[in-house]
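Please open the model in your viewer and keep the selection tool at hand. The stops below say what to select next and what can be found there.

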Amino acid sequence: MSETLLKCPLEGYIGCCEAIAAMDHRELLSKVKAPTLIIAGTKDPATTVENAEFIRDRVAGSTLALIDAAHISNVEQP
């Protein structure tokens, strides 16, 4: 696991998870106009490929890339 993640205070990580748990910005996806690459880990139980497909289908012109990883894919597959 990344040294950065290991240095993160547990309370801060838990607080972040709690803050984003109830966040719902799905209605804003259609407003994204920037070129967008959506990256999804095929083994992610929290943010699934289906979630990524939902985003791809609502962000015009976006691209979805699937990688062999779980939730923190950038750490698993840098």
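Begin by selecting helices α2 (10–21) and α3, each of which supplies at least two residues of the lining of the largest pocket, where helices are DSSP runs of H or I with at least four residues, strands are runs of E with at least two, and both are numbered from the N terminus. Helix α2 gives the most to this lining, with four residues. A pocket here is an open set of points on a 1 Å grid over the protein atoms alone, where a 1.4 Å probe fits and protein lies on both sides within 12 Å along at least five of seven lines, and its lining residues have an atom within 4 Å of a point. The largest pocket holds about 610 Å³ of space, a volume being the space filled by probe spheres set on points that are joined across faces, edges and corners.

This is a predicted model, in which local features need pLDDT of at least 70 and side-chain atom pairs count only at pLDDT 80 or more, while totals for chains, interfaces and linings use all residues. Residues are numbered from 1 along each chain as its sequence is written, and side-chain values use heavy atoms, with hydrogens and water left out.

Now colour by pLDDT, the predictor's confidence in each residue from 0 to 100. The protein has a mean of 92, and 97% of its residues reach 70 or more. Confidence is lowest in helix α1 (residues 3–7), at a mean of 80, and highest in helix α3 (residues 49–58), at 98.

Next, select R58 and F54: the charged end of R58 sits over the ring of F54, 3.5 Å from its centre. For this description, NZ of Lys or CZ of Arg must be within 6 Å of the ring centre and within 35 degrees of the ring normal.

Finally, go to S73 in helix α4 (residues 73–76). Is S73 buried or exposed? S73 is buried, because its relative accessible area is 14%. Leaving out residues up to four places away in sequence, S73 touches I39, I67 and P78, a contact meaning heavy atoms within 4.5 Å.

Conventions
Buried < 20%, exposed > 50% of the residue type's maximum accessible area, 1.4 Å probe, protein only.
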